[in-house]
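Subject: Structure handover

Hi,

Here is the structure for you to look at. My notes follow below it.

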Amino acid sequence: MTELRTDRLLLRRWRESDHEPWAAMNADPEVREHLGELLTRERSDAVVAAMRADFEARGFGWWALELRETGEFIGRAGLDRVGTDMPFAGVDVGWRLTRAAWGHGYATEAALACLTFGFEALGLPEVLATTTVHNLRSQAVMRRIGMTRDPADDFQDPSVPEGPLRPCVLYRISREDAHGL
């Protein structure tokens, strides 16, 4: 499994020691604000198992995110195939960080590393990113990494019940547009 390194971050394989802080993130209402219901420890552990299996099966997916200086687990970042129930197809870049890691530029740094991997190692022609219309922090990261949004691409997430998490935005970046990031 490929590891990615940035100046401050290590995107790496998941470890048993990640389960506890990952579960704490998934039980934090602020972290889950734009993601839906809080996850139990059992469900959170199942998500880690699924992320590991997906990565092994296709050679990319969600990395655990660690601060290089301290070794502290601060979340996840990576690339994932868009679900078949969505009104578009492709590979999505994403991130989820502990609250303590917000506001330090880690999401931007990790996302740029993921884009580079996607374009250079995987040869992707384009990478997508989605979030709820109200998740302005993630949309700001998407713009910082060079992604653009066409409001005509906005959509209702069919996997989410009717409510404030259903209206979503779609951002894109092509390999050509990412050149030089």
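Start with helix α2. The face turned away from its buried side carries the exposed residues E42, E56 and A57. Bear in mind that this is a predicted model.

Now the other side of the helix. The buried residues of α2 are S44, V47, V48, M51 and F55. Viewed down the axis of α2, these buried residues fall within an arc of 100°, so they line one face of the helix. What do they pack against? The partners are α1 (19–26), β3 and β4.

The length of α2 also checks out. At 1.5 Å a residue, its 18 residues should span 26 Å. The end C-alpha atoms are 26 Å apart, which agrees. Just after α2 comes G59, with a positive phi of about 85°.

Next, the salt bridges. How many does the structure hold? The count is 16. Three of them are described here.

1) E66 and R12
- The two side chains meet in a salt bridge, at 2.5 Å from N to O.
- This pair links distant parts of the chain: E66 sits in strand β3 (residues 62–67) and R12 in strand β2 (residues 9–12), 54 residues apart.
- Buried or exposed? Both E66 and R12 are buried.
- The pair also belongs to a network: salt bridges that share partners join R12, R15, D18 and E66.

2) R58 and D80
- Here the side chains meet at 2.6 Å, N to O, again in a salt bridge.
- The pair links distant parts of the chain, 22 residues apart. R58 lies in helix α2 (residues 41–58), and D80 lies in strand β4 (residues 73–81).
- R58 has a relative accessible area of 26%, so it is partly exposed. The cut-offs are under 20% for buried and over 50% for exposed.

3) R172 and E126
- R172 forms a salt bridge with E126, and the closest N and O atoms are 3.1 Å apart.
- Distant parts of the chain are linked by this pair too: R172 is in strand β9 (residues 167–174), E126 is in strand β6 (residues 126–132), and 46 residues separate them.
- R172 counts as partly exposed because its relative accessibility is 27%. E126 is at 30%, so it also counts as partly exposed.

To put α2 together: its buried residues line one face, and they pack against α1, β3 and β4. R58 in α2 pairs with D80 in β4.

Best wishes

Key:
Residues are numbered from 1 along each chain as its sequence is written. This is a predicted model: local features need pLDDT of at least 70, side-chain atom pairs count only at pLDDT 80 or more; totals for chains, interfaces and linings use all residues. Side-chain values use heavy atoms; hydrogens and water are left out. A salt bridge is a side-chain nitrogen of Lys or Arg within 4 Å of a carboxyl oxygen of Asp or Glu. Helices (H or I, at least four residues) and strands (E, at least two) are DSSP runs, numbered from the N terminus. Buried means under 20% relative accessible area, exposed over 50%, partly exposed in between (1.4 Å probe, protein chains only). The expected span of a helix is 1.5 Å times one less than its number of residues. The arc is that of the directions from the helix axis to the C-beta atoms. Contact means heavy atoms within 4.5 Å.
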